[in-house]
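Take a look at the chain below.

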Amino acid sequence: MNNRKIFSFLPLIIFLFIIWYLLMAGTSAVVNVVSVDKREIVVQNMSSDQTTITIPKGIFKLININEEYYVSYNSRIGQKPFLTSIEPSAK
């Protein structure tokens with residue numbers, strides 16, 4: 001491929017990357033923690049749907065199994081959901 005063809009695809013690639021970056025879905029819910037690992041937690045919402053969420057390092061020690069939390073997480077196409085905030089649920 002010559003340089004002209006490469007540069008003609010460059011705007012399309014940049015445009016697709018921007019669209020992918022902006023298409024982020026945010027979710028907030030009161031959930032019950034099913035399991036905790038060093039890198040991810042599995043949560044179950046009130047309709048019994050389970051979701052695996054990636055968590056930051058070191059936070060797993062602060063999360064207890066079988067307790068309710070209010071969580072917010074974001075997800076993009078092709079990526080696992082990642083945690084943005086977690087708080088104990090007010091009972």
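Which residues form a nonpolar patch on the surface? They are Phe9, Leu12, Ile13, Phe15, Leu16, Ile19, Leu23 and Ile77. Together they have about 800 Å² of accessible area. The model is predicted.

Start with Ile77. This residue lies in the loop between β4 (68-76) and β5 (82-88). The two strands run antiparallel, and 6 bridges join them. The hairpin has 5 residues between its strands. Among them, glycine 78 takes a positive phi near 85 degrees.

Now turn to charge. Side chains of opposite charge can pair when their charged atoms come close. The count here is 1 salt bridge. Lysine 80 forms a salt bridge with glutamate 40, and their closest N and O atoms are 2.9 Å apart. The pair links distant parts of the chain, 40 residues apart: lysine 80 sits in the loop between β4 and β5, glutamate 40 in strand β2 (residues 40-44).

Here is how open three of these residues are:

| Residue | Relative accessible area | Class |
|---|---|---|
| Isoleucine 77 | 63% | exposed |
| Lysine 80 | 49% | partly exposed |
| Glutamate 40 | 24% | partly exposed |

Arginine 76 tells another story. This residue lies in strand β4. Arginine 76 is buried yet has no salt bridge. The nearest side chain of opposite charge, glutamate 40, is 16 Å away. Which residues does arginine 76 contact, leaving aside its neighbours within four places in sequence? They are Trp20, Tyr21, Leu23 and Met24. Leu23 also belongs to the nonpolar patch.

Terms used
Residues numbered from 1 in each chain as written. Predicted model: local features only at pLDDT ≥ 70, side-chain atom pairs only at ≥ 80, totals over all residues. Heavy atoms only, no water. Patch = residues over 30% accessible without salt bridge, like charges linked within 9 Å, V, L, I, M, F, W, Y side chains within 5 Å. Areas by Shrake-Rupley, 256 points an atom, 1.4 Å probe, with all protein chains shown as cover. Salt bridge = Lys/Arg side-chain N within 4 Å of Asp/Glu carboxyl O. Helix = DSSP H or I, 4+ residues; strand = E, 2+ residues; numbered from the N terminus. Buried < 20%, exposed > 50% of the residue type's maximum accessible area, 1.4 Å probe, protein only. Lys, Arg positive; Asp, Glu negative; His and termini not counted. Contact = heavy atoms within 4.5 Å. Pairing = 2+ DSSP bridges.
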